[in-house]
Amino acid sequence: IALILFGFTGYFDNVTAVFASAMGNGTIQIILWMLVYSSIMISSGLGEHIANRIVSFKLLRGRPWAITIAIMAAAYFTSMTGAIFAAIIICWNFVYLIAEKVGYEKGDRWIKMMLVGVAFSTCVGVMTLPFQTSVVATFGYLFAVSDGAYTSYDYLTYLIFALILGLTIMCVYLLLCRFVVRPDMGKLKGFEMPLGHRDPLDAKQKIAAWSLVGLLAITVVPGCIPNDTVRALFSTLGLPASILLVIGVVIFLRDREGKPFFTFKELANAGIYWDMVFMIAAAITLGLALSSEQAGLSATLLNLLSPMLAGATPYALALGIAVVGLIITNVINNSVCGAVLVPLSFSLSLSVGASPLALAAILGFISDIGLLMPSASPTGALLAANTEWITTKEIVPQALICAFSTFAAVAVVGIPLAYAMF
């Protein structure tokens, strides 16, 4: 509806032009094919297998904090495949199992810490791989508003940045939980996780695993190759075609009876969330319009913020944007946060000499940490809906710890690292 009404504002010639711009955007193409690809990870059960293997290590036996870290690590690494909700549900089930076995009850600190912590881990983990939907959307806002000045980002650089920042955020969160939340860990000392299994990967899971390796190789490895011809070849291929190439190979494979392991129809039907696609398409298109010279919003905000930014350093700008972003993403909506703040940060960066790519990378993490309110994000809504184990009032202090952990990690590690790498 927003896109249809936008066609009558005069910014585009007609409604058809609005949809052509929104759905023909390169970012939307990447998101569409990544949603199809993510269905391979989910339908194969690879994410669940990864989570089970992580929590089945013998080193966890009798070590309460090791068990705690393992469950969050399972959520973190499983979410990298794009199976965010699957990661949350699987790891919450681990928490429920432990609660039943050792006697934890609703309202216990460990339960609250883990339910919010698992959701938080997926928010951080999903921002790790450079071709995931949230990452592509964040940089897409920058590409749309920069008028051709920025059209791509280095996938290997982003991957290294995201791994360092993501793990730092999780370490800060766990430290705060240990010394601030201080849950009762005594009940976990004699617990052994019975759900972990050592079953080998089945055929579908092996295909999914190798497809992920292949996609990483196509997108990340070319940036490490000094040969200009090879780099130009992969640059010509582009990310949308790279994803489609991997999907094409996967659906081409057959079992011994000649039946396909996956079909494109099944993957597309299960993987594409059209409400998400249209939301991001609308956000990019409207964000581009809002940041345009005709709208005057960027100029107004610049005038309001100029007194505060007089003599500001790039670090101070990034820190201020991070604070505003954490407020918006937790109180309003994470999609709105990226759509509004990335274009705004681009305008502000020009006045202080900051790197727009660095600010976009930081905002990607900031805008994905929306857990305080149900409206903040789909993850926040799922967390709020778990009323059987945690109340809305109990979510608030844990969500604030998540936000502070993100802010502290971004302030100390993320901002300097982003400016050094981008």
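**Exercise 1.** Is Q398 buried or exposed? Which residues does Q398 touch?

Solution. Start with the relative accessibility of Q398, which is 6%. Buried means under 20% relative accessible area, exposed over 50%, and partly exposed in between, with a 1.4 Å probe and protein chains only. Q398 is therefore buried. Helices are DSSP runs (H or I, at least four residues), numbered from the N terminus. Finally, list contacts, meaning heavy atoms within 4.5 Å. Leaving out residues up to four places away in sequence, Q398 touches K112, M113, V116, Y173, C177 and V181.

The model is predicted: local features need pLDDT of at least 70, side-chain atom pairs count only at pLDDT 80 or more, and totals for chains, interfaces and linings use all residues. Residues are numbered from 1 along each chain as its sequence is written, and side-chain values use heavy atoms, with hydrogens and water left out.

**Exercise 2.** Where is L267 found, and how many residues separate L267 from I251 in sequence?

Solution. L267 sits in helix 12, residues 264–271. L267 has 2% relative accessibility, so it counts as buried. L267 and I251 are 16 residues apart in sequence. Their C-alpha atoms are 9.4 Å apart. I251 is also one of the residues that L267 touches, beyond four places in sequence.

**Exercise 3.** Why does V249 count as partly exposed?

Solution. V249 counts as partly exposed because its relative accessibility is 47%. V249 belongs to helix 11, residues 228–252.

Methods
Helices (H or I, at least four residues) and strands (E, at least two) are DSSP runs, numbered from the N terminus.
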